[in-house]
Amino acid sequence: MPNHLDNIELRSESVQEILTNPPSWIIRWGITVIAFVLVIILAISYFVKYPDFINAQISITTQNPPEKIEARTSGKLEKVLVVNHQNVSSNEVLAYIQTNANYQDILKLKQLLTQYKPIDFPIEKTRNLALGELDSKYIIFEKAYSDYHLQRQLQPYAVEKTSGLQTISEINSRIQNLRKQKEIELSKLKLAKIDFDRYQKMVEKGIVPNRDLEQSRIAYLQAQQSVDAVDLSISQLNESKVGANKGIESSSINQKQDETSYYITLLQSYDELKNSLRMWEQNYLFISSDAGKVSFQEYWSANQFVKAGDVVFTIFPNNKNHLLGKLIVPAQNSGKIKTYQKVLIKLDNYPYQQYGIIEGKVKNISLSPDKDGNYYVEVELPKGLVTSYNKKLDFDKELRGSAEIVTEDLRLIERVFYQFRKIFQYQ
């Protein structure tokens, strides 16, 4: 088949010149258009931002988060004291579980323990209370209370002290009499000495025989012996007096030791009773720690069974002014997270296409990961729940959603050159 292209003849030289030499203005304008397009692309890549994100799930709560009250022990509810969505105050009893104790008696005991000190406790008001699980601790406290007050009332060492004081008084009286007797014996001794000296001189002059001198000497020695006997009796009485004083001091010391021991035992039993009461409240009472609105996790009524670990009530605090976001971030890329970085929050309850997103800032990040290798990040909300569409969202419970932490707010052109920089960096 013949080739028709071979038969084509260019009959015009001007056409041939146009085809072989295109006009220069086409080249100039073509280069200009391409350069202009490149400039526009570079300008757009400069103004368009392509930030780097770290995604995580977020929960928004108040600074005091909702309190979940769990059952500490299994049992039937004796009575539910509140209704769903009721406002409650702090330390208010919401319900209690059936026990061997009478709830009103427990309240009475708690009130008395709060009002009175151990030594002034009105034990007569609590002897007939039905305390159930607290009976053993109460019996120990009652015994310690009785022992302490009996010891103070009976004063078992008072007899010994009184007897010792009477003994000392008698000894002092006898010593006083002996001292008077000693004065008499000293007078006799003085006279015996004078008589002996006189007989001695008379014997020297030969007036009286030696026999009379010997009798005078014997009388003198007997007088001296009487004085010494009185001194010995006084010394023995002084020793007895010292012993009686020691007995009194020993009784005082023993009394003080017993009082201290009984008082310490009373204090210990008092504290143990209060601790047991607190443990009883934790096990059998549902108590709100803060003021707020109570929410039932399901319908609760008397005689309904609850299991240990079940969340029975949730308390939403009244103070909702200061909101916080809480993130759990995996260890991967967590080193990029810094304080004051922007956080974009999309809530599950409020679709962001309709309500917008909430902007937050990283407040702090935990220094070490948890057992699963995750980091805890706290986010503050400077504008509260005001969204990017200028809508203020309501908060009456915990809000959940997704969050994007803006770690690097890069421009598109920076990302392009950032990739080239990494390529040349590892070469």
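A crossing of two helices is termed left-handed if the near helix is turned anticlockwise from the far one by less than a right angle, and right-handed if clockwise. By this criterion the crossing of α3 and α6 is left-handed. The structure is a predicted model, in which local features need pLDDT of at least 70 and side-chain atom pairs count only at pLDDT 80 or more, while totals for chains, interfaces and linings use all residues. Residues are numbered from 1 along each chain as its sequence is written, and side-chain values use heavy atoms, with hydrogens and water left out.

The axes of helix α3 (residues 103-115) and helix α6 (residues 210-284) come within 11 Å and cross at roughly 135°, which makes α3 oblique to α6. Helices (H or I, at least four residues) and strands (E, at least two) are DSSP runs numbered from the N terminus, and axes are lines fitted to C-alpha atoms, for helices over the stretch in contact, with angles running from 0 to 180 degrees between N-to-C directions. Angles under 35 degrees count as roughly parallel, over 145 as roughly antiparallel, 65 to 115 as roughly perpendicular and the rest as oblique.

A search of the whole structure finds ten salt bridges, each defined as a side-chain nitrogen of Lys or Arg within 4 Å of a carboxyl oxygen of Asp or Glu. Among them, K182 and D231 are paired with their closest N and O atoms 2.7 Å apart; because K182 lies in helix α5 (residues 158-205) and D231 in helix α6, this pair ties together parts that are 49 residues apart in sequence. Both count as partly exposed, K182 at 25% relative accessibility and D231 at 29% (buried means under 20% relative accessible area, exposed over 50%, partly exposed in between; 1.4 Å probe, protein chains only).

The side chains of K363 and E378 also meet in a salt bridge, at 3.7 Å from N to O. K363 lies in strand β12 (residues 358-365) and E378 in strand β13 (residues 374-380), so that parts 15 residues apart in sequence are tied together. Within this pair, K363 is partly exposed, with a relative accessible area of 35%, whereas E378 is buried, with 14%.

In the loop between β7 (292-296) and β8 (305-306), S301 counts as partly exposed at 25% relative accessibility. S301 and A95 are 206 residues apart in sequence and 9.4 Å apart in space, C-alpha to C-alpha.
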